[in-house]
Each structure stands twice: as structure tokens, then as C-alpha cells.
Amino acid sequence: MSIQIFGLPVSRGVAIGRAVLVASSRVDVPHVFIDPTLIEEEVARLYAARDVVGAEFDALKRDLPADAPAELAALLDVHHMLLQDEALIGAAADWVRQRHYNAEWALSAQLEVLARQFDEMEDAYLRERKADLEQVVERLIRSLGRGAPLTLPETDRDSRDFGGDEPLVLVASDIAPADMLNFKRSVFKGFVTDVGGKTSHTAIVARSMDIPAVVGARQASSLIRSDDCIIIDGDAGLVIVDPSPIVLEEYRFRQRQSELERGRLARLRHTPAVTLDGERVELLSNIEMPEDADAVLEAGSVGVGLFRSEFLFMNRGGNLPDEEEQYDAYRRAVEAMKGLPVTIRTVDIGADKPLDAMSSSELRHESVLNPALGLRAIRWSLSEPSMFRRQLRALLRAAAHGPVKIMIPMLSSVREIKQTLDNVAHAKRQLAEAGKPFGEVELGAMIEVPAAALTLPVFLKHFDFVSLGTNDLIQYTLAIDRTDEAVAHLYDPWNPAVLQLLYSTISQARAAGKGVSVCGEMAGDPAFTELLLAMGLRTFSMHPTQVASIKQRVLRADTRRLAPLVPQVLGSEDPEATCLEQFAAATGATHLPRFAA
Ligand code: PEP
Ligand code: MG
């Protein structure tokens, strides 16, 4: 029977495919697609693990003390029986052979199947045997050994390499931002998670990949089974499991339509972003890795407005990249951009971006109760000055190869500004003393804490430019955790308090003759393009995949007609409705849903 699961739409489009479940909530295991030549070896690992666990059970039974309760021996017999049942190991071997899952994954996939059968049993005694099965599988997984990284099938292979013809879509309870990076190269055509908010970093990486995604779909990973046919509607935030033929056909039609639309938008690539009244607008891109630079150029972006350097620091078991490794990464990004400016943000570790893969739900239960208010971003950098200066040296050296701007995340006070500038000066002195060449850089501050927006003059005095990090500015202005799906409905970029901070920052920066951009998700959301243009914004930084849609809005906008409407929007109790009404009349544009056009 078809079921519908509602979540939050985070990345546009429609994906239709076969579900691949990872990170089962019952037993956490590595998920690796194995090479087809290694299948029989992997199956042999399964049977070898069964023999080892069988021998463990035999030894346990043999060593039972004479006065042990009889139930204990009976329980061991049940475990032994479950272990030997081909419905477990034999069926897991089928997952390995047919889907190329590694042995641990195959076992957890089969555990899911069997656990559901136990859940449906009428007999309470038999139903309770599910716990025994879980214990047996846990033992098998322990015996197989753990610790392999999450590796995913790469894009140069297709789903046929993994035992099927249909596209694969990924379903997980949660995915850490660092693990999301693996998805950039994977064959998955869409994904669904149980937890997460629209601007969580997991969602941001999904948008950068331009694959349909729904997060915060609470029960998804327990309702969906491996191999279910599912539709991910990334525009509506809807997941349809086992759709009827009519629904499937309708979604296939929509898929074809959106491909045509993308093709049409792609033709704007070389068109300069200039409004109807001749205002030039700079459309820059956000990246996570130097390799993303190709997509930036392909999208017709005129530079990188935000390189989230922290992704270079993640999943390394605490071994942070040294100066040479960082210099190499930044230089590669700079060279790939062929003379266009690259704005690199110093590390923003913390909150939902831990150094090592950890799901955001795990993070929430970490010892720190409010990681978003904790040692994050520049606070972390200032608490580790040698690490910070290492990064600054690498950035300054990369600037010898092309235009680099350094941007500092989450500053909130003049004290932090001064400490930051001292570190930059110190890093320059160190390079000069070591005789290492470095280039001139512009220095910028992210405005993502209300305190920074409210004390903007001090930021404008010390920095060459400012960039509005709206994802955090909204989070901290409205006191809404951006990663928490439970309060996602309160995370509102249209809130007048947020809009006032944006407007005052843009106006003051322009009046001071300093550069100002928006690099949060609002910049790539067509629903806000006219409003931001009206407020005076001329530099937007977004995922490369959004550039064409935003350019289309810019080309249709007339800032002379839009700008006078700002006071009306700011004074409105419902700025979204006012914008819709007033701006549509001024531009002839139609409103597009948030994060979904
Ligand atoms: C922001 O907060 O808007 C931003 C661009 O930074 P991040 O999303 O990486 O926190
Ligand atoms: Mg931020």
C-alpha cells in the first residue's frame, strides 16, 4: 500500500528510485558497496563469522556453571538456532550477491527484514524473539570487525553496477555533514533523512549537489524498507513509498518538465547579470572543496563568495591538515578559478559541523548542551592560535597565485576583531621571516550574529567587506536551532527582525563604500531576489546550481521600481505577502516557492 511521509523540502526536483537504507537505527555498521570481483570473498566472510559466533555459543554453553538456570541454556539454543537459520545468513549472502553490500550492511539489511516479520507475529513469545535475533546479529557484526568508513558508489558507475536498473535513492536516519561530502561523488539520485532542518549543513550540501532531498521526514527510515520504490518530491517535502502507477506517471512527467526547464536556464550561463535598469549584479558561488571550482565556472559564476574551508578539516581522526596541505588545497581552488576572486572562510568547526563524523542528533546529546552557542567558528580558531595562524599562513601564501579574500565567521565583538587582526599580522610576519612569498588579501567579516549587525560600524572600520551569513543570522536572531526539525516551522527568513538586520547592514556597508554580500541560503532562494536587490544588495553567493535561477530573476528586475517598496515591506506584519503583492506588480514576476525553484 502506498504511503506518504512529510518532511522539509531542502533540495528541488523529483527523484524516483529504489531505496537504499543506511545507518540502521538498530545496529550501526559501515556501508560499503563492494567490488563485484570480491563478492564471493565477502560471502565467505559472512559464513566465517557465523562459524566463529557458533563456536562462541558452544563454548558459552559448555562453560555454563552447574547451577545456572535452565533458561540460560535454552536461550543459547535459541541463539544457535537463529544463527544457523538460512533466513539470516543465506539471505544476507543474497544481499551481498545481488546488491553488492558489504557483509555488515547485508546483515543489518536482513535484520530489518526479519525484525519486521517478528513485529507482525501474533504470538507474544515469538514476537519477543526479535531481541534475540538482534543480539545474534550484533555478535556477528562485532565478529566481522567494524570501522570501515562510509564509502558510497561513485558517479562514474551507475546503478546497474549495484545489481539493478533503477536509480538508487538513499534513506537514513541522519547523515553527518562530513559524510555528505561522499555523496558528491555517489550514484544516489536523491535522499531522505529522519532529522534535520532546512539550513542544516547536511541540507546545504544536498542543495549544492542539486539532487532532490527531504529532511526531517521523521519516521522515514523505519517506514521505508530496502528496495522499496520511492518518489522524493524535493519541492513539496514529500516522500511517497510504493506509489500507484498513476502517481508514478505524474511524477515522471514532472521530472521531464524540470529537466527541460534546467536546459532552458542553462542557456543564461554567459549572459551578464544586469537588471533592467542597468545595475550590474555579482553572482558568486559557495563551495566546500577545491574540486567544486569547476562547477562554479560551469554555472557562469564570477567567483567564489564562500569556500567553507572546514570541510578540509573533517573526518581525519583529529589530524588537522598542516600548512602545506592547506596551501595546496587553497592554491588549487585559486588556480581553478582562473583569475576570478576566491573568498575563503577560516574554519567554522562546531555546532552541526564536528571535526569527526557524528550525526547532528548525536551532537545534540553531546556533553555541550548548546553547541551552536559554544566554541564554534572564530571562537575555536582564537582558542587554538597556532592552528589559526597555520591556516592564515596557508591562505596568505595561496593569495600569491590569484585574488584571495579571507573571511572570518561568527565574529561578535571588537575584542574578537582585534585578536583576529593581530593573528593575521602575526601570520604575515612569520611568512616574511621564513622568506615565503605571500599575496595581498582583502579581509572580510561574516555578519551572522545579531550583535555584529547591531554594531556594524566597528566591523566596517576594521574590515574591507562584510558578508551576511543569513543561515546563522536567522538562527541567532530568532533563537531557533537551524538543525532541529522540531522547530523548523519557526525558522523564518521573512521575520521582520531578520529583514531589518539585513537592510541596515546592507545600507550601512554601502554608505561606507565597503563591499557587502549575502552568502547564506537566502542568496540562492529566488523568493528573496527582488527584496535583496531592493535593499541595495549587488553581490550574492550561492550554490552553483542556483545561479541560473537567480540570474533569471535579476534580468527581470528593475531596482528603481523595487527600492521604494522596502519601507512598506519592513513595516508590514506579513512581509512575505507584501513582497508578493508589491514586487510582482513591479516586475511582472511570479512567486516561486522557497528553496524550490
Ligand atoms: C550562514 O550562516 O549563512 C553561512 C553562510 O555559514 P554556514 O551556513 O556555513 O554556517
Ligand atoms: Mg554561518
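**Notes on salt bridges, helix packing and backbone**

1. Arginine 12 and aspartate 210 are both buried. This is a predicted model, so please read each point below as a comment on a prediction. The two residues form a salt bridge, with 3.2 Å between the closest N and O atoms. The pair joins distant parts of the chain, 198 residues apart: arginine 12 sits in the loop between strand 2 (8-11) and strand 3 (14-22), and aspartate 210 in the loop between helix 7 (201-209) and strand 6 (213-215).

2. For context, the structure holds 37 salt bridges. Another one to look at pairs glutamate 56 with arginine 139, where the closest N and O atoms are 2.6 Å apart. Glutamate 56 belongs to helix 1 and arginine 139 to helix 5 (residues 124-144), so this bridge ties together parts that are 83 residues apart in sequence. Glutamate 56 has 30% relative accessibility and therefore counts as partly exposed. Arginine 139 is also partly exposed, at 27%.

3. Please also have a look at aspartate 472 and arginine 482, which form a salt bridge with the closest N and O atoms 2.8 Å apart. Aspartate 472 is in helix 18 (residues 470-478), while arginine 482 is in the loop between helix 18 and helix 19 (496-511), 10 residues apart. Both aspartate 472 and arginine 482 are buried. They belong to a network of salt bridges that also links Glu310, Arg345, Asp348 and Arg376.

4. Now to the helices. How do helix 1 and helix 3 pack? Helix 1 (residues 39-62) and helix 3 (residues 89-99) have axes 9 Å apart, at an angle of about 160 degrees. The two are therefore roughly antiparallel, the cut-off for that term being over 145 degrees. Their crossing is right-handed. On the helix 1 side the contact uses Ile39, Glu40, Glu42, Val43, Leu46, Tyr47 and Arg50, and these meet Ile89, Gly90, Ala92, Ala93, Val96 and Arg97 of helix 3. Sorted by class, this contact has eight nonpolar, one polar and four charged residues.

5. The axes of helix 1 and helix 2 (residues 70-84) cross at roughly 165 degrees and come within 10 Å. That angle makes helix 1 roughly antiparallel to helix 2. Here the crossing is left-handed. Helix 1 contributes Arg50, Val53, Gly54, Phe57, Asp58, Leu60 and Lys61, and helix 2 contributes Ala73, Leu76, Asp77, His79, His80, Leu83 and Gln84. The contact of helix 1 with helix 2 divides into six nonpolar, four polar and four charged residues.

6. Finally, two backbone points. Lysine 338 is not a glycine, yet it has a positive phi of about 50 degrees. This lysine 338 lies in the loop between helix 11 (323-336) and strand 11 (342-345), and at 67% relative accessibility it counts as exposed. Methionine 410, also not a glycine, has a positive phi of about 65 degrees. Methionine 410 is placed in the loop between strand 12 (404-408) and helix 15 (414-434). Is methionine 410 buried or exposed? With 1% relative accessibility, methionine 410 counts as buried.

Note on methods:
Residues numbered from 1 in each chain as written. Chains lettered and ligands numbered in written order. Predicted model: local features only at pLDDT ≥ 70, side-chain atom pairs only at ≥ 80, totals over all residues. Heavy atoms only, no water. Axes fitted to C-alpha atoms, helices over the stretch in contact; angles between N-to-C directions. Helix = DSSP H or I, 4+ residues; strand = E, 2+ residues; numbered from the N terminus. Parallel < 35°, antiparallel > 145°, perpendicular 65-115°, else oblique. Left-handed = near helix turned anticlockwise from the far one by under 90°. Contact = heavy atoms within 4.5 Å. Nonpolar A, V, L, I, M, F, W, Y, C, P; charged D, E, K, R; others polar. Salt bridge = Lys/Arg side-chain N within 4 Å of Asp/Glu carboxyl O. Buried < 20%, exposed > 50% of the residue type's maximum accessible area, 1.4 Å probe, protein only.
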